[in-house]
Amino acid sequence: MTLQPNANASSRQLSGALFVLLSAAAIAVVPTAARLAFEAGSNTLTVVTLRGVIGVALMAAVTVLSRQSFSVPRAALLPCIAAGLAYALMSYGFFGSVAYIPVSLAVLIYFTHPLLLAVFAHRRGIEPLTSRKLGLGLAVLTGLALALGPALGELDAIGVGLAAVASVAVCAMILFSARAQRHATSTQVNLHMTAVTVVVFVAVTTTANAWEFPTAMLGWLGVAVAGVGVTVGLLAFFAAFRLIGPVRATMISSVEPLLGILVAVAVLGERFSPAQWAGVGVVVAALVLFEAPVRRPPPQRPD
């Protein structure tokens, strides 16, 4: 009988880890899927709008199947709106960047956001930025420089800038959505956040007369995969929170940039030099260590 609690705890840990890996795998295919849509004649505004519509439809279905309410408390509504606006900026920046620069490099630039969150937490007194984390942050920047390599001067500045904007915007989205989840479920928050994003993009795309649909079936497949990937990724990641907590979930999700790069290499044929692969390894390893909890030795008992 005493083994039952340990067995339940192990099952929760395994389930949580599998949810995070599912999330990482789902989101890793999104930028490559978007690139397929761009190559089929679509543009950033159209892709992010259609992807959002798919996301809202799927999340609404999950809400109905799980018998949750579509309404959220007033205390959660404003943070949901703010998270949705930040999500819109993040989506446009991230999806837009892959139209100008290789997917693999856009993924690496985007995944500097854990460093930005650490700086914010340090400035707000939430968590100190230790020398260990500062050193790992510098390692991430060093690895990123190696990954960009000699092609840095040939990269489109707009693409690099959009990926950087996405990195900043996702920090705001995480902070606002975390505040909203104090008063609503993760499914409700994701649904309202995504709905706000869709409303923004429908309005902007229509006003700018910027609708450009894919002209090939492969492009439409890219749009569909991007929509499903983001939806599954968000829902699976937040489901893991309840099983293993945000710290361990974030640590495991650090494999996502590596998966995203591997997908780009496999599907789009992007190629890295050995030095650039070394840079990728440094970035991923530093991010994993950055999110990993530090094990402190037990206190010594006095003799």
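## Helix α6 and what follows

Helix α6, residues 113–123, has His113, Pro114, Leu115, Ala118 and Ala121 as its buried residues. Here buried means under 20% relative accessible area, exposed means over 50%, and partly exposed lies in between, using a 1.4 Å probe and protein chains only. An α-helix has 3.6 residues a turn, so residues three or four places apart point the same way. Just after α6, Gly125 takes a positive phi of about 75°.

This is a predicted model, in which local features need pLDDT of at least 70 and side-chain atom pairs count only at pLDDT 80 or more, while totals for chains, interfaces and linings use all residues. Residues are numbered from 1 along each chain as its sequence is written, and side-chain values use heavy atoms, with hydrogens and water left out.

## The chain as a whole

Welcome to a chain built with 12 helices and 0 strands. Helices (H or I, at least four residues) and strands (E, at least two) are DSSP runs, numbered from the N terminus. Of the 303 residues in the chain, 46% are buried.

Contact means heavy atoms within 4.5 Å. Among the contacts in the chain with a separation of 6 or more, 87% are between residues 24 or more positions apart.

## Nonpolar cores

In soluble globular proteins, nonpolar side chains tend to be buried together. A nonpolar core is a set of buried Ala, Val, Leu, Ile, Met, Phe, Trp, Tyr and Cys residues joined through side-chain atoms within 4.5 Å. The largest one here has 55 residues, and Met90 and Phe95 have the most contacts inside it. A second, separate core has 6 residues, including Ala76, Ala180, Ala184 and Val189.

What does Phe95 touch, if residues up to four places away in sequence are not counted? Its partners are Val30, Ala34, Phe38, Thr44, Val47, Val48, Arg51 and Ala226.

## A cavity inside

Rolling a probe the size of a water molecule over the atoms shows where empty space is left. On a 1 Å grid over the protein atoms alone, a cavity is a set of points where a 1.4 Å probe fits but cannot get out; lining residues have an atom within 4 Å of a point. Grid points are joined across faces, edges and corners, and a volume is the space filled by probe spheres set on the points. A search of the whole structure finds 1 cavity of 30 Å³ or more, and the largest cavity has a volume of about 40 Å³.

Its lining consists of Arg51, Gly52, Gly55, Met59, Tyr87, Thr194, Gly227, Val230, Thr231 and Leu234. The lining divides into 4 nonpolar, 5 polar and 1 charged; Ala, Val, Leu, Ile, Met, Phe, Trp, Tyr, Cys and Pro count as nonpolar, Asp, Glu, Lys and Arg as charged, and the others, Gly among them, as polar.

## Ser167 in helix α8

Ser167 is found in helix α8, residues 157–180. Is Ser167 buried or exposed? At 1% relative accessibility, Ser167 counts as buried. The side chain of Ser167 reaches the backbone oxygen of Tyr110 at 3.4 Å. Leaving aside neighbours within four places in sequence, Ser167 is in contact with Ile109, Tyr110, Thr112, His113 and Leu116.

## Two loop residues

Arg67 lies in the loop between α3 and α4 (74–97). Although Arg67 is not a glycine, its phi is positive, about 55°. Arg67 is exposed, with a relative accessible area of 80%.

Asn209 sits in the loop between α9 (186–207) and α10. Its phi is also positive, near 50°, in a residue other than glycine. With a relative accessible area of 67%, Asn209 is exposed.

Conventions
On a 1 Å grid over the protein atoms alone, a cavity is a set of points where a 1.4 Å probe fits but cannot get out, and a pocket is an open set with protein on both sides within 12 Å along at least five of seven lines; lining residues have an atom within 4 Å of a point. A polar contact is a pair of N or O atoms within 3.5 Å; within protein, one must be able to donate a hydrogen and the other to accept it, and residues adjacent in sequence count only if both atoms are side-chain atoms.
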